[in-house]
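Here are a few exercises to work through with the model open in your viewer. Try each one before you read the solution.

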Amino acid sequence: MEPPAIELVNVSTTYEGEQRPAIKNINLRISAGEVVYVAGPNGAGKTTLLETINGLLTPVRGSVYVLGQDVSKRGRLVRREIGYVPQDYASDPWEPFRAIDVVLMGLYGKLGLFTKPSKEDYEKALWAMELLEIDHLAEKPVGKLSGGQQQRVMIARAIAKKPKILLLDEPFSSQDLASRSKVMEVIENLHKSWRLTTVVVSHNLSETLKLCNRVVLMAEGRIFAEASLDEALELLGSALVKSARVEAVRVA
Ligand SMILES: Nc1ncnc2c1ncn2[C@@H]1O[C@H](COP(=O)(O)OP(=O)(O)OP(=O)(O)O)[C@@H](O)[C@H]1O
Ligand SMILES: [Mg+2]
């Protein structure tokens, strides 16, 4: 049987120098091909959860498995299969790399000073940039791009290596309306064509819901609810109806 794409068993992660764990006792199992939406207020532990999954943070308790591998032992190997788009990425305005170099780094881990990318890798990087409609920015210094453009560079970087798992932390935060639908369309298409397992953290509730088949709600470092898409839509629907009623009462 295929192992779950991601599995966390009783996981707690504490930042260095902190007393309290930022995520507590997390149990979560995500099957291959699922698209999971993680929502919750600021400080809930969403970013900590993603960084614990990809082994950038080491839990103080519990175990994390990705594609059946123990992340504490095989972090590097696991990260090769994960495309990660960090929250609020902003490069130094004087960063010497071109946008395409940053995308290529997703393929190499790090682009060595003396490595010349193969034609194949260059094409993969351009393909990802085309998908996100930023191929015309390929030669520009990344630090001179706008916040939204840099965010799409990071998404292209995560996608170019054709990962098995995509972890997206607020991928729409700097995108205008049109780019937001573009990014969503790309995520949807990749899911369809590669059966790509995807975890999306976002505050864009109603829009992101369309993408997902499961919703995980976090607060104060814990998962306090999980719902299928239908249940979540129902909850959202009743919340919207409720707030509409409150509005109606106010207006009256
Ligand atoms: N580097 C750090 N060192 C110490 N504590 C941290 C660090 N990063 C985050 N925290 C704490 O861990 C908790 C969870 O933070 P996290 O960044 O995971 O929240 P989040 O849900 O991603 O919030 P947001 O919606 O604002 O991005 C918060 O209480 C935060 O203060
Ligand atoms: Mg965060």
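**Exercise 1.** Work out how many of the 10 residues of helix α3 (residues 99–108) are buried, and what that says about the helix.

*Solution.* Start with the cut-offs: buried is under 20% relative accessible area, exposed is over 50%, and partly exposed is in between (1.4 Å probe, protein chains only). Helices (H or I, at least four residues) and strands (E, at least two) are DSSP runs, numbered from the N terminus. Now count: 8 of the 10 residues of α3 are buried, so the helix is largely enclosed by the rest of the structure. They are Ala 99, Ile 100, Asp 101, Val 102, Val 103, Leu 104, Met 105 and Gly 106.

Before you go on, some ground rules. This is a predicted model, so local features need pLDDT of at least 70 and side-chain atom pairs count only at pLDDT 80 or more, while totals for chains, interfaces and linings use all residues. Residues are numbered from 1 along each chain as its sequence is written, chains are lettered from A and ligands numbered from 1 in the order in which they are written, and side-chain values use heavy atoms, with hydrogens and water left out.

**Exercise 2.** Find the strand order in the open sheet of 4 strands, then say which strands stand at the edges.

*Solution.* Two strands pair if DSSP finds at least two bridges between them. The order is β2-β1-β4-β5, with antiparallel pairing. β2 and β5 each have a single partner strand, so one side of each has no neighbour in the sheet. Inside that order, β1 (residues 6–13) and β4 pair over 5 bridges, and Leu 8 stands opposite Val 64 in β4.

**Exercise 3.** Look up phi for Asn 25 and Leu 67, and locate both residues.

*Solution.* As background, most residues other than glycine have a negative phi. Asn 25, in strand β2 (residues 23–30), has a positive phi near 50°. Asn 25 is partly exposed, at 46% relative accessible area. Leu 67 also has a positive phi, near 50°, and lies in the loop between β4 (61–66) and β5 (69–70). Leu 67 is partly exposed too, at 30%.

**Exercise 4.** Which side chains place an N or O atom 2.5 Å, 2.8 Å and 3.2 Å from an oxygen atom of ligand 1?

*Solution.* A polar contact to the ligand is a pair of N or O atoms within 3.5 Å. Going through the distances:

- 2.5 Å: Thr 48
- 2.8 Å: Gln 87
- 3.2 Å: His 203

For cover, the protein hides 62% of the 640 Å² of accessible area that ligand 1 has on its own, by the Shrake-Rupley method with a 1.4 Å probe.

Methods. Polar contact = N/O pair within 3.5 Å; in protein donor to acceptor, adjacent residues only side chain to side chain.
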